[in-house]
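Here are my notes on the model you sent over. Have it open while you read, and follow along point by point.

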Amino acid sequence: MTDRYIVGECPRCKTPIIADGRYKSKTCPKCFSRVAIEELKVFQTAHDSREARTILSKLKAVRGGLDPT
Ligand SMILES: [Zn+2]
């Protein structure tokens, strides 16, 4: 089974984002740039959105708890 969600990093603002692998691009919630999925720096993949969020929060914690919101 292929993982559907991709946890990656926006190549412009370096914000960790979750992308749905069914789509070809994702709009970054921070800098609003349209990022092609293949341009994402992929950290990890996840098979559901809950797992993807867990990975994302760990990623943010590693970076010093910075939250873009
Ligand atoms: Zn961005």
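1. What percentage of the 69 residues in the protein chain do buried residues make up? Buried residues make up 17% of them. A residue is buried if 20 or more other C-beta atoms lie within 10 Å of its own, exposed if 12 or fewer, and partly exposed in between, with C-beta atoms placed from the backbone.

2. A quick word on what you're looking at. This is a predicted model, where local features need pLDDT of at least 70 and side-chain atom pairs count only at pLDDT 80 or more, while totals for chains, interfaces and linings use all residues. Residues are numbered from 1 along each chain as its sequence is written.

3. Now the overall layout. The protein chain has one helix and five strands, running β-β-β-β-β-α from the N terminus on. The radius of gyration is 11 Å, close to the 11 Å that the globule rule gives for 69 residues, so the chain is as compact as a globular protein of that length. (That radius is taken over C-alpha atoms, and the rule is 2.2 Å times the number of residues to the power 0.38.) Helices (H or I, at least four residues) and strands (E, at least two) are DSSP runs, numbered from the N terminus.

4. Three strands form an open sheet in the order 2-1-5, with antiparallel pairing; two strands pair if DSSP finds at least two bridges between them. Strand 2 (16–20) and strand 5 (41–46) are the edge strands, each pairing on one side only. From one strand to the next, the twist averages 30 degrees. Strand 1 (residues 5–9) pairs with strand 2 over five bridges, and Val-7 has Ile-18 as its bridge partner in strand 2.

5. Then look at helix 1 (residues 49–62). It lies across strand 1, strand 2 and strand 5, at about 20 degrees to strand 1. Angles run from 0 to 180 degrees between N-to-C directions, and axes are lines fitted to C-alpha atoms, for helices over the stretch in contact. (The expected span is 1.5 Å times one less than the number of residues.) After helix 1 comes Gly-64, with a positive phi near 95 degrees.

6. What's in the middle? The largest nonpolar core has nine residues: Tyr-5, Ile-6, Val-7, Cys-10, Ile-17, Ala-19, Cys-28, Val-35 and Ala-52. Such a core is a set of buried Ala, Val, Leu, Ile, Met, Phe, Trp, Tyr and Cys residues joined through C-beta atoms within 7 Å. Strand 1 gives the most to this core, three residues. Cys-28, leaving aside neighbours within four places in sequence, is in contact with residues including Cys-10, Ile-17 and Val-35; contact means that the C-beta atoms, placed from the backbone, lie within 7 Å.

7. Most residues other than glycine have a negative phi. Lys-14, in the loop between strand 1 and strand 2, has a positive phi near 65 degrees, and it counts as exposed because it has 12 C-beta neighbours inside 10 Å. Phe-32 has a positive phi near 60 degrees and lies in the loop between strand 3 (25–27) and strand 4 (34–36). With 9 C-beta neighbours inside 10 Å, Phe-32 counts as exposed.

Methods:
Two residues are in contact if their C-beta atoms, placed from the backbone, lie within 7 Å.
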